[in-house]
Amino acid sequence: MTLSLLDWRRRVAALYTDVRAADDPEAGWHTWRAGRDALLAGHPDSPLDAAARDAFAGLPFAPYDPGLRFVVPLDTDVDPERREVPTAADGVVVLDRIGRVTLGDVGRLDVWWIGGYAGGVFLPLRDGTAGTTTYGGGRYLLDTIKSADLGGDGGRLVVDLNFAYHPSCAYDPRWTCPLAPEGNRVETPVAAGEQLPPGGWY
């Protein structure tokens with residue numbers, strides 16, 4: 001852990017704060033995109049290696065679709081389930097299922113609580129585009145332990161598929177990430193959010 005990584009975490013947290021404060025979700029999305037491009041291009045803790053940062057010209061994204069933003073209740077009437085996910089740098093990441101959300105035609109997705117100090121909500125997605133226009137292991141929608149939090153109130157979560165982003169392992173094989181388990185995999189293609197460049201990142 002370094003002060004550089006602390007700076008990365010602070011910048012991500014500030015970016016999502018700006019997103020939640022935006023009057024218009026699409027305007028917040030443009031702010032978020034610009035912030036992510038800046039972080040990946042120029043921050044020392046970018047998941048891209050030095051050569052990829054030098055060649056970086058921005059993350060490819062599908063156009064914003066307002067119909068893919070949901071404010072949904074968390075259905076907590078689910079059987080408990082625990083998963084232990086080994087990673088290269090963080091040891092075993094413990095995931096406990098805390099509920100499900102239903103996102104229109106995409107269907108139902110499990111919502112997880114990441115264990116460890118403080119913890120956080122984790123909502124990954126592997127949809128029908130995985131392995132073609134998006135990373136084969138899927139993308140993340142929420143990861144509040146790292147400040148990827150679009151907000152909500154009471155028992156509801158804001159889940160905007162336009163904010164789907166790739167985990168670090170999509171950019172460089174040196175990273176190991178928790179990926180979408182069975183309850184977060186759908187066949188429906190989600191043509192929104194971050195895409196892969198032609199040929200992928202590596």
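How exposed is Arg174 in terms of relative accessible area? Arg174 is partly exposed, with a relative accessible area of 44%; here buried means under 20% relative accessible area, exposed over 50%, and partly exposed in between (1.4 Å probe, protein chains only).

## Basis of the model

This is a predicted model, in which local features need pLDDT of at least 70 and side-chain atom pairs count only at pLDDT 80 or more, while totals for chains, interfaces and linings use all residues. Residues are numbered from 1 along each chain as its sequence is written, and side-chain values use heavy atoms, with hydrogens and water left out.

## Helix α2

Helix α2 covers residues 25–42 and has 18 residues; helices (H or I, at least four residues) and strands (E, at least two) are DSSP runs numbered from the N terminus. From first to last C-alpha, α2 reaches 26 Å, close to the 26 Å expected at 1.5 Å a residue, where the expected span is 1.5 Å times one less than the number of residues.

Gly28, Trp29, Trp32, Gly35, Arg36, Leu39 and Leu40 are the buried residues of α2. Seen down the helix axis, these residues fall within an arc of 130°, so they line one face of α2; the arc is taken from the directions from the axis to the C-beta atoms. The buried residues pack against α1 (3–21) and α3 (50–55), contact meaning heavy atoms within 4.5 Å. Ala38 and Gly42, on the other side of α2, are exposed.

## The antiparallel sheet

An open sheet is formed by 5 strands in the order β2-β3-β4-β5-β6, with antiparallel pairing; two strands pair if DSSP finds at least two bridges between them. The edge strands, β2 (82–86) and β6 (139–143), each pair on one side only. Within the sheet, β4 (residues 107–114) and β5 (residues 120–125) pair over 3 bridges, and Gly120 in β5 is the bridge partner of Ile114.

## Salt bridges

The count comes to 12 salt bridges, each a side-chain nitrogen of Lys or Arg within 4 Å of a carboxyl oxygen of Asp or Glu. One of them joins Arg36 and Glu194 (3.0 Å, N to O). Arg36 lies in helix α2 and Glu194 in the segment after β7 (156–160), so this pair ties together parts that are 158 residues apart in sequence. Both Arg36 and Glu194 are buried.

Asp110 and Arg100 also meet in a salt bridge (2.8 Å, N to O), which links strand β4 to strand β3 (residues 92–103). Asp110 counts as buried at 3% relative accessibility, whereas Arg100 is partly exposed at 22%. Asp172 forms a salt bridge with Arg174, the closest N and O atoms being 2.8 Å apart; Asp172 counts as buried at 9% relative accessibility. Shared partners join Glu81, Arg83, Arg97, Arg100 and Asp110 into one salt-bridge network.
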